[in-house]
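Reader: I would like to learn how to read the packing of helices and strands. Please take me through an example.

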Amino acid sequence: MRLEGAVALVTGGAHRLGRAIALNLAARGARVLITYRTAHREARLTLSDLQASGARAEAFRLDVANAREVQRVFAQIARKIGRLDILVNNAAVFQRTPFARLTERDWDLHLDTNLKGAFLCALSASRLMQARGGKIINIADWAGERPYRDYLPYCVSKAGVIALTKSLAKELAPSIQVVAVAPGPILPPQDFTPAQRRRAIQRVPLKRWGSPEDIANAVVFAIEGTDFMTGSTIFVDGGQLIA
Ligand SMILES: NC(=O)c1ccc[n+]([C@@H]2O[C@H](COP(=O)([O-])OP(=O)(O)OC[C@H]3O[C@@H](n4cnc5c(N)ncnc54)[C@H](OP(=O)(O)O)[C@@H]3O)[C@@H](O)[C@H]2O)c1
């Protein structure tokens, strides 16, 4: 699929990885819609950077875990733009939840945002894509394949995202292709100390953090590089999965 002239929606596109993905899709000629939940200021900045690059762009406030809000935003897109070619399910939460203190709330927060949110957006997007076909890219995590400790609900939610990718790929073939991109360490959470940053890459074969560009490039590849890939997960993890 060509990005030139396509309409792409990136959830959680105001900052960090989502912003890099949005800017890269726009640089290749897509009209880019971003969603934000709390990051109004960052969304405004990204929107003006997208527009300054010559792209048509819009921002929508959206809690992806809320089915009614998802329906409202996709109805707005249908009314205002009339089509959607690409969905990037990027929005997620990532909180440390040590097993001894784990609660139902931790489970619900991660599963509702990371898995149900991706499902709800894919469901609405697929209805907008049905006539012309499209691509759905789910941002997973290498930990969805090999969980680490202290993040059980997060790891389970990302394993769910990989399973969701396979199931959607079957349900939506042949007109819509669904691919997951599974990052390794790319951007540390904002509250990570320098020691935590160092520890996080000790076991990564490539011995460094990746960059948001690495993920944006993989997303671009899943869209433009081939139309003969669906249900797959692309690991962009510095080799962490094989460590
Ligand atoms: N950073 C990494 O190294 C890394 C590694 C592996 C996987 N990943 C995955 O890559 C993606 C992006 O990572 P990141 O570190 O850039 O993510 P992030 O900063 O933790 O979060 C991305 C966005 O998700 C949005 N969000 C959270 N809850 C939401 C909700 N209920 N409804 C709508 N939006 C919501 C936030 O929007 P607001 O700020 O507007 O509230 C935030 O901007 C995520 O799926 C993450 O799991 C990242």
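Author: Start with a pair of helices: the crossing of H1 and H2 is right-handed. A crossing is called left-handed if the near helix is turned anticlockwise from the far one by less than a right angle, and right-handed if clockwise. Helices (H or I, at least four residues) and strands (E, at least two) are DSSP runs, numbered from the N terminus. This is a predicted model, in which local features need pLDDT of at least 70 and side-chain atom pairs count only at pLDDT 80 or more, while totals for chains, interfaces and linings use all residues. Residues are numbered from 1 along each chain as its sequence is written.

Reader: At what angle do the axes of H1 and H2 cross?

Author: Two packed helices are described by the angle between their axes and the distance between the axes. Axes are lines fitted to C-alpha atoms, for helices over the stretch in contact, and angles run from 0 to 180 degrees between N-to-C directions. Here the axes of H1 and H2 (residues 40–52) cross at roughly 15° and come within 10 Å. H1 is therefore roughly parallel to H2 (angles under 35 degrees count as roughly parallel, over 145 as roughly antiparallel, 65 to 115 as roughly perpendicular and the rest as oblique).

Reader: Which residues in H1 and H2 meet?

Author: Two residues are in contact if their C-beta atoms, placed from the backbone, lie within 7 Å. Arg19, Ala22, Leu23 and Ala26 in H1 meet Thr46, Asp49 and Leu50 in H2.

Reader: What about H4 and H5, at what angle do they pack?

Author: H4 (residues 104–129) packs against H5 (residues 152–172) at an angle of about 20°, and their axes are 9 Å apart. H4 is therefore roughly parallel to H5. Their crossing is right-handed. Residues making the contact include Trp107 and Phe119 of H4 and Tyr154 and Leu164 of H5.

Reader: In what order do the strands of the sheet run?

Author: Two strands pair if DSSP finds at least two bridges between them. Seven strands form an open sheet in the order S3-S2-S1-S4-S5-S6-S7, with parallel pairing. S3 (57–61) and S7 (233–236) are the edge strands, each pairing on one side only. From one strand to the next, the twist averages 15°.

Reader: Over how many bridges do S1 and S2 pair?

Author: S1 (residues 7–10) and S2 (residues 31–36) pair in the parallel sense over four bridges. Val10 stands opposite Ile34 in S2. H1 (residues 16–27) packs on this sheet, touching S1, S2, S3 and S4 (86–89), and its direction makes about 165° with that of S2.
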